[in-house]
Amino acid sequence: MSHRIVLASGSQSRRAVLAAAGVEAETIKPNVDEDAAKASFRASDMKVRDQAMQLAELKSVKISMREQGLVIGCDQMLSLDGGPFDKPVDLDDARNHLKKLSGKSHILETAIVISENGKPVWRHLARPKLTVRKLSDEFIDTYVDTIGDPLLSTVGAYQLEGLGAQLFTRIDGDYFTILGLPLLPLLDYLRTRGVLMS
């Protein structure tokens, strides 16, 4: 039984979460054309949660077809009123994200798929719900100017682990999932596979 773990992602936050939990994982970027995949999914009116799951599987399977071990693919998409949000393209777009999220609740559709020998062997979907307080334009401008480009790496243009905590009045869901990795179910699966001690 292989104990090699591969994270099909370039995400530093996901890698850091795994490392902090004592899981050693190699990281390999899957280099999938996410924009083309999303366009196809949205043309068929696929639900946001299903889009996230399909992207996680696509990443996991692609790497698993050429690499040995358990390959973890993840994807997170923000759903507001049933519609998808992508990562902001620039800081003005980040401001627009925050204005749209202001005073509303949204879901972070967070999918994880593990593949082995080119086939999915485990999958999980977590759906934390976050409620953003009513944000003033002045707050949004100050927040975006303070954080800057790191906001472009998150679908909601916020970083919960830092100043982003000031955006919310309520969070239903676990911290790790909001960072992009449903860690606790993943650790449970790795124990069943003998990767971690039970």
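# A first look around this structure

Ser-9 sits in the loop between strand 1 (5–7) and helix 1 (12–20), where helices are DSSP runs (H or I) of at least four residues and strands are runs (E) of at least two, both numbered from the N terminus. This is a predicted model, in which local features need pLDDT of at least 70, side-chain atom pairs count only at pLDDT 80 or more, and totals for chains, interfaces and linings use all residues. Residues are numbered from 1 along each chain as its sequence is written, and side-chain values use heavy atoms, with hydrogens and water left out.

Back to our starting point. Ser-9 has a relative accessible area of 8%, so Ser-9 is buried (buried means under 20%, exposed over 50%, and partly exposed in between, with a 1.4 Å probe and protein chains only). Setting aside residues up to four places away in sequence, Ser-9 touches Arg-14, Thr-27, Ile-28, Lys-29 and Pro-30; contact here means heavy atoms within 4.5 Å.

Two packed helices are described by the angle between their axes and the distance between the axes.

On the helix 2 side, Glu-34, Ala-37, Lys-38, Phe-41 and Arg-42 take part, and they meet Gln-51, Gln-54, Leu-55, Leu-58 and Lys-59 of helix 3. Sorted by type, the residues of this contact are four nonpolar, two polar and four charged. Ala, Val, Leu, Ile, Met, Phe, Trp, Tyr, Cys and Pro count as nonpolar, Asp, Glu, Lys and Arg as charged, and the others, Gly among them, as polar.

The crossing of helix 4 and helix 5 is right-handed. Leu-91, Arg-95, Leu-98 and Lys-99 of helix 4 make the contact with Asp-137, Ile-140, Asp-141, Tyr-143, Val-144 and Asp-145 of helix 5. Here the residues divide into five nonpolar, no polar and five charged.

Apart from neighbours within four places in sequence, Arg-95 is in contact with Ile-140, Asp-141, Val-144 and Asp-145.

## Aromatic pairs

A pair of aromatic rings is described by the distance of the centres and the angle of the planes. Across the whole structure, a search finds four aromatic pairs. One of them joins Phe-139 and Tyr-143, which are stacked at 5.9 Å centre to centre with 10° between the planes. Both residues lie in helix 5, four residues apart, about one turn of the helix, and both are buried. Tyr-175 and Phe-176 form an edge-to-face pair, at 6.1 Å centre to centre and 65° between the planes. Rings of Phe, Tyr and Trp (its six-membered ring) pair if their centres lie within 6.5 Å, and planes under 30 degrees apart count as stacked, over 60 as edge-to-face and the rest as tilted.

## Loops and accessibility

Most residues other than glycine have a negative phi, and most peptide bonds are trans. Asp-45, although not a glycine, has a positive phi of about 60°, and lies in the loop between helix 2 and helix 3. Ala-157 also has a positive phi, near 60°; Ala-157 is found in the loop between helix 5 and strand 8 (168–172).

Asp-81 belongs to the loop between strand 3 (70–80) and strand 4 (83–85). The C-alpha atoms of Asp-81 and Val-195 are separated by 39 Å, with the two residues 114 residues apart along the chain. In helix 5 we find Thr-142, whose C-alpha is 33 Å from that of Ala-39, 103 residues apart in sequence.

Which of these residues are buried, and which are exposed? The table gathers their values.

| Residue | Relative accessibility | Class |
|---|---|---|
| Asp-45 | 68% | exposed |
| Asp-81 | 67% | exposed |
| Thr-142 | 47% | partly exposed |
| Tyr-175 | 40% | partly exposed |
| Phe-176 | 30% | partly exposed |
| Arg-95 | 16% | buried |
| Ala-157 | 0% | buried |

Terms used
Left-handed = near helix turned anticlockwise from the far one by under 90°.
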